[in-house]
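Please open the model in your viewer and keep the sequence panel beside it. The tour below goes from one selection to the next and says what is found at each stop.

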Amino acid sequence: MKTRIRELRKARKLSQEELADAVGTTRQTITSIEVGKYTASLPLAYKIARFFGLTIEEVFDFSELED
Amino acid sequence: MEQFREKLKLENRITAVLCVILMVFSVLGFAAEAGLVELTPVTGDGRWQSMWRGMVSGASFGVLVLMVIGLIRSIRALKDEKKLKKLYIEANDERQIQIWTNARATSMQVTLLLGLVAGLVIGYFHMAIGVTILAVESIHAFIGFAFKIYYSKKL
């Protein structure tokens, strides 16, 4: 699943480690989510979206599900 | 986080007990090899017993070292909030949990299949071994199926 996490993270000058610490996961999980290899669970997706002050739909791209 | 702290303390106690048991195994094994202790009666020339004892002692010692390292890491984490949080995240990381779940499910299928094939092939040469392997694999499959039913009802 495509996400805007990398773009949002870089705009806030955050490292993957810092974002991982903030949302309670590991750097490797953030890396996997950013490259689209791993799909975050609903609780983690919510934590990430909330961290950026956005909704889940604004962070995660659900268009492939609609196809 | 408090629940994790209590769980870690309990795990540390269990690990400490296991370390003591493994240390006893290792020491007994090495002492027996050095001729200081007479353990099991020797059959034949005792070569295979000696090899088995050496293997168990060595493996026990290796596992003991790993467990002591893990125990020290846990004890240090309990004294440091930052390390405890890191340990908590590592233990509860959803991606790691999914990786382990998938790995265990796949390994169960693979070992079941390989065991079945091994049991059938070896049965041609040595029936008792073949039947034993097939019995073990049957129990393996039954337990796997039982857990599948359990989790189907639970989730």
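This is a predicted model: local features need pLDDT of at least 70, side-chain atom pairs count only at pLDDT 80 or more; totals for chains, interfaces and linings use all residues.

Residues are numbered from 1 along each chain as its sequence is written, chains are lettered from A and ligands numbered from 1 in the order in which they are written, and side-chain values use heavy atoms, with hydrogens and water left out.

**Chain B, by domain**

Select residues 1–92 of chain B for domain 1 and residues 94–155 for domain 2, bounds that come from an automatic or database domain assignment. The centres of these two domains, taken over C-alpha atoms, are 27 Å apart.

**The interface of chain A and chain B**

Next, show both chains and select the residues in contact (heavy atoms within 4.5 Å); twelve residues of chain A and seven residues of chain B take part. Together the two chains bury about 750 Å², with 47% of it on carbon and sulfur atoms, where buried area is the accessible area (1.4 Å probe) that two parts lose on being put together, summed over both. On the chain A side, A:D21, A:T26 and A:Y38 lose the most area to chain B, and together they make up 50% of what that side buries.

There are zero salt bridges between chain A and chain B, a salt bridge being a side-chain nitrogen of Lys or Arg within 4 Å of a carboxyl oxygen of Asp or Glu. Helix α3 (residues 27–34) of chain A gives the largest share of the side of chain A that touches chain B, namely three residues. Helices here (H or I, at least four residues) and strands (E, at least two) are DSSP runs, numbered from the N terminus.

**A serine inside chain B**

Is B:S26 buried or exposed? Select it in helix α1 (residues 2–33) of chain B: B:S26 is buried, with a relative accessible area of 2%, where buried means under 20%, exposed over 50% and partly exposed in between (1.4 Å probe, protein chains only). Its side chain reaches the backbone nitrogen of B:F61 at 3.2 Å, and, leaving aside neighbours within four places in sequence, B:S26 is in contact with B:S57, B:S60 and B:F61.

**Salt bridges within the chains**

Over all chains the count comes to eight salt bridges. In chain A, select A:E34 and A:R6, whose closest N and O atoms are 3.1 Å apart; this pair links helix α3 with helix α1 of chain A across 28 residues. A:E34 is buried at 11% relative accessible area, whereas A:R6 is partly exposed at 38%.

In chain B, finish with B:E90 and B:R73, which meet in a salt bridge at 2.8 Å, N to O. B:E90 lies in helix α3 (residues 81–92) and B:R73 in helix α2 (residues 47–79) of chain B, so the pair ties together parts 17 residues apart in sequence.

Methods
A polar contact is a pair of N or O atoms within 3.5 Å; within protein, one must be able to donate a hydrogen and the other to accept it, and residues adjacent in sequence count only if both atoms are side-chain atoms.
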